[in-house]
Amino acid sequence: MISTERLDQVVQIVERAGLSEQTVGALRETLAPIHFTYCRDEDIGEGVGVAAPVRRAAGFNLYLVDGQAHCLRLTADPDAATGLVLAELDHGAQ
């Protein structure tokens, strides 16, 4: 489960620090056991589950990941979420 407060905290941290490998690494260390993935938003395919992000922010979208089964999948359910995808937007695609 990932709480609404935790999602808001992650968005605030990334908005202040900027989305980068260093920021994601710091989130991994600080907010374990939440799993963090960093990719480009265009890499999130519509056929892999939920296409809509749980949060939209300047420069990135935030998606929930359910890793409770042996395969990871995107989810809209924060109670099932075990991780987050921080998906970087193209500068013109917000």
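These legends go with several close-up views of the predicted model.

This is a predicted model, in which local features need pLDDT of at least 70 and side-chain atom pairs count only at pLDDT 80 or more, while totals for chains, interfaces and linings use all residues. Residues are numbered from 1 along each chain as its sequence is written, and side-chain values use heavy atoms, with hydrogens and water left out.

View 1. Reading from the N terminus, the order is α-α-β-β-β-β-β. Helices (H or I, at least four residues) and strands (E, at least two) are DSSP runs, numbered from the N terminus. Of the 94 residues, 37% are buried; here buried means under 20% relative accessible area, exposed over 50%, and partly exposed in between (1.4 Å probe, protein chains only). Take the contacts (heavy atoms within 4.5 Å) between residues at least 6 apart in sequence, and 55% of them join residues at least 24 apart. The accessible surface is about 5600 Å², and carbon and sulfur atoms own 50% of that. Those areas come from the Shrake-Rupley method with a 1.4 Å probe, and for residues only the protein chains shown count as cover.

**View 2. Helix α1, residues 4-17, and its buried face.** With 14 residues, α1 reaches 20 Å from its first C-alpha to its last, close to the 20 Å expected at 1.5 Å a residue. That expected span is 1.5 Å times one less than the number of residues in the helix. Leu7, Val10, Val11 and Val14 are the buried residues of α1. Seen down the helix axis, they fall within an arc of 95°, so they line one face of α1; the arc is that of the directions from the helix axis to the C-beta atoms. An α-helix has 3.6 residues a turn, so residues three or four places apart point the same way. Over on the other side of α1, Glu5, Arg16 and Ala17 are exposed.

**View 3. What sits over the buried residues of α1.** The cover includes helix α2 (21-30) along with strands β1 (35-40), β2 (55-57), β3 (60-66) and β5 (83-88). Just past the end of α1, Gly18 takes a positive phi of about 90°.

**View 4. Asp8 and Arg55, a salt bridge from helix to strand.** A salt bridge here is a side-chain nitrogen of Lys or Arg within 4 Å of a carboxyl oxygen of Asp or Glu, and the count comes to five. In this one, the closest N and O atoms of Asp8 and Arg55 are 3.0 Å apart. The pair links distant parts of the chain, with Asp8 in α1 and Arg55 in β2, 47 residues apart. Asp8 is partly exposed at 33% relative accessibility, and Arg55 is partly exposed too, at 22%.

**View 5. Arg40 and its salt-bridge partners.** Side chains of opposite charge can pair when their charged atoms come close. Arg40 meets Glu88 at 3.8 Å, N to O, a pairing that links β1 to β5 across 48 residues. Arg40 also bridges to Asp90, where the closest N and O atoms are 2.0 Å apart. Asp90 lies in the segment after β5 and Arg40 in β1, so this pair ties together parts that are 50 residues apart in sequence. Salt bridges that share partners join Arg40, Glu42, Glu88 and Asp90 into one network. Within that group, Arg40 is partly exposed at 31%, Glu88 at 25% and Asp90 at 32%.
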